[in-house]
Amino acid sequence: MLLAAVGLFFWPLTKGEAQASFQDVSPGAWYAGAVQYVTSRGIMHPAAPGRFDPGAPVTRGELAGILDRALNLGQQIGPRFSDVTSATPNYQAIETVAGDALMRGTGPDTFDPGGLFDRAQAAVVFAKAAGLEAAAADLAQAALPYGDAARIPSWAAGAVQVTTSLGLLQGWGGAFHPDGVLTRAEVAVLVQKLAALTPTQVGRAAAAAATRVTAGPAGVTVNAGQPVRLWALVQDAHGFVLPVPVSWAAPGGQLQSSYDPALTATVAHFTPGAGGSFPVTVTVPGTHLSATVQVAVHQPTSLAFGALPAVLLEGHSLRGQVQVLGASGQPDPADNGRSVALSLQGPAAQTATVQDQGGSASFSFAGLTTGSYTLTATAAGLTEASFNFRVVGQPLGTLTATAPPQLSAGATGSLRVTEPGGVSVPLVVYSTASGVVQVAAGTASGSWQLTGGAQPGTAQLVITAVGGAFEPDDLTVTNPVLGRMSFPVPSAVATAGSTQTVPVDLSGSPSGVPVTLTVTAPGGWQQQFTADTVSGTASFPLQETLAGSYGLQATAPGYAAPSAGASLTVQPGPAVGFQTELAPSGVLVSGEKAQIRASLVDRYGNPVPGSFQVGVQAAGLPGVLTPQDGSYGGLSTVATFTAGSPGEGSVTVTAPGYAPVVLRVRAVASPAAITAGKGMWLMYADWKGNAPGELLAQAKADGIRYLYLEVATSRDGFYGGPALESFLAQAHAQGIAVLAWVYADLTNPAADTALARQAASFTTPWGVRADGVAADLEGNQITAQTVTPYAQVLAASLGSERPLVAVTYPPQMRPNFPFAALAPYTQVFAPMDYWHAVQAGYSYQQVYQYVADSVSQIRSLSGDPTLPVSIAAQAYDMYGNGATGAYSPTGLEERAAVRAARAAGAEGISFYRWGTASSAEWSVIATAWPGG
């Protein structure tokens, strides 16, 4: 197809013409050699039989084809343009070079293939082709050696600087002529010079923009004679990696290096000699830039055993570690995979071979009978180790332990253990109530540090000997009750927004004791406050705005909590407005019902008693609205809506004396369809710190259909409740769905399940809830065994009308992720397709393929070829401060992600995240899906 298109513009090259001269190309012409070069390789073709037409201008479409062939780009996927069809000459090449960002369109969806190319534009294109786009941007302010420098556009100045220094593009008569039309002769010369460039030449040009060189990894530790791989990156002031080779130097050992264009980095392999410390230095030729990697070299010398019991009770196994020691006498962390032979001599002789990891390896010998034994460890080139022990048929006696019988909160004491007969064995201490008494790590000598816990109570300590040679001992340690707490005012009443002081008293009137007050709000979310006592009283000024009943609980170290907590009742203030909300949501699955609720409200949105009348009108509703016009008092249902076929419309609620309220209502075909179209991810700070009205107005203007709001993590619990109170209703009124985003590492599956259920069941006083839960499953404990019961319970909590969105690693990164185990309970998979994982640029083709592969592989690994997938696309820089910087995806990359998601049949695409998307990314986000 490509050859056919080319043939429309050029005469076909016949055999032998590659070496033939052209009638219009003089052998002595400055471009003659270049014409021979490009025509003999099929990069450019004759304009007519025997003619090259060197002075003819080159169109944008023609240049795309020349670049495609010259750089051997192949047929890649790229953005599509409204003025480029399959009948357009070089149409595949246009898509390819645009996908690689070598050439850009003349508008959001136009390329202008017949337009001409000037020399300023050529400088930009060929600087990119040389891999020097970043360097060109950095050198935009550098002085140019041309008399017409003022006429060179600012967007091309750096590229002119770079291509001039490389000798690619040069002016004549002391001028550059930036608006001169690019001719076929000039293109031929440019292509030939580009092909002749060496990495050294490119690196020298890029080095002019370099501001730092970074070498790594930091803190390298190896063994003598063991090679280590080092790398170096040269970066500009913005952090972008430049294609600059570097020089390496080391004081000892062998060093080999090579430049890796794919990584835009120089890689070195250093093999150190004897033990010691080696500074390996990297420098950027022609600059003052340098960096050093310190390579610590260990020299293993001997073997040793970790702590082992000198006496073992028959029936117990001998378990321990053999260690490979360095010159310092410590296990050698750089020693890995060394084979160590173990020989056990005695009544039950045995042998074993183990391999160390980081200087140590575990072993175990079972089936030992009574008698004396010698354990020996040997390894090539190392001093052997041996250990003598005996196995007895009966315990030798009982351990004797002593400890303070009481430990006040925070106080410390020592636990001491004596082994009978002076035989030293490793000991282990267990506590039946570690929250009451904390036991720090001890040693084989039998000395431990105890710390009194925060709450009064009793702990049972059990001291056992490893190997069972002695009967264990146990002790009881008590945290005494220093006193009791009480609420002098067990219940209080306050008006929303006013301050109510809650006191907590400690008996004995101590000062300086920290007291923690836990406040449980009507929505179930909690707040904690801490205050020190003054003469036995800690005071907590509370200013709550949500009407309802609050539960109060207090704790203080060493003090018994009151048998019953206290309460605070917050009453609404006077009515200042009229409010309506959709409960449970304004985004409904077909057949689902919603109530339109209304009330007079105070300044904080709390419903207040008082009669009012309403009128309800519908416009374009995708379903059935049943108004209940009349007079109401307090929080009332004024209409019901049953969602029908997918679509959206509005409901206007009017009340005399107040401005009309317009609510958007959206019906979707299935829970998965809630994630159709495009969405955005918001960290808690992104949405908690923004006024909901402004944020939602921008979201609606940019066509955002759903928002993922961070509300809970395994570490911090469910903290999003207070902010959700006001956010949910405002989002639903705009027809925007809200998915509660919960991070679950499943280290504690039961706690994470309870946390997710809390987010799923959260409901505002008006009956509004989130439209689904996005379970962010990134921890190392995510297995089929842990995730299945978690997903089962969470899916049951959400019911049939709200989706469970599984936020997962992309399958390219974690093919062993339990996709199949999650699939039966998950309505949507949202893979975190963060393709910008290394410090380099990405082409349209690379991003497109990554996203498309993500969809197909998830469906394959889950076993469901129709599984709904909604891509979570990258819109942040994982290397920059504040997640913004040089490595944020470009607008072109985002367009590729959107197009790939749509072509793969994904439900939609969302962007992580709101607070880090660049203006270039927002320009794509705002117009994506539909039309993306």
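Author: Let's start with a term: buried means under 20% relative accessible area, exposed means over 50%, and partly exposed is in between (1.4 Å probe, protein chains only). By that cut-off, buried residues make up 51% of the 932 residues in the protein chain. Bear in mind that this is a predicted model, where local features need pLDDT of at least 70 and side-chain atom pairs count only at pLDDT 80 or more, while totals for chains, interfaces and linings use all residues. Residues are numbered from 1 along each chain as its sequence is written, and side-chain values use heavy atoms, with hydrogens and water left out.

Quick overview before we zoom in. The protein chain has 18 helices and 52 strands; these are DSSP runs numbered from the N terminus, with helices being H or I of at least four residues and strands E of at least two. Its C-alpha atoms fill a box of roughly 110 × 95 × 50 Å along the principal axes. Contact here means heavy atoms within 4.5 Å. Of the contacts between residues at least 6 apart in sequence, 67% join residues at least 24 apart.

Now for the part I'd pick: strand S51, residues 870-874. Because 5 of its 5 residues are buried, S51 is largely enclosed by the rest of the structure. Ser870, Ala872 and Gln874 point one way from the strand, Ile871 and Ala873 point the other way, and all are buried.

What does S51 pair with? Two strands count as paired if DSSP finds at least two bridges between them. Strand S50 (residues 828-833) runs parallel to S51, with 2 bridges, and Met832 stands opposite Ala872. Strand S52 (residues 908-912) is also parallel to S51, over 5 bridges. There, Ala872 stands opposite Ser910. S50, helix H16 (residues 844-862) and S51 make a right-handed β-α-β unit. Right-handed means that, with the strands pointing away from the viewer, the path from the first strand over the helix to the second runs clockwise. Another right-handed β-α-β unit is made by S51, helix H17 (residues 891-903) and S52.

One more residue deserves a stop: Pro889, in the loop between S51 and H17. Pro889 is buried, with a relative accessible area of 2%. Leaving aside neighbours within four places in sequence, Pro889 is in contact with Trp835, His836, Gln874, Ala875, Tyr876, Glu894, Ser918 and Glu921. Take His836 from that list: Pro889 and His836 are 53 residues apart in sequence, yet their C-alpha atoms are 6.8 Å apart in space. Gln874, also on the list, is one of the buried residues of S51.
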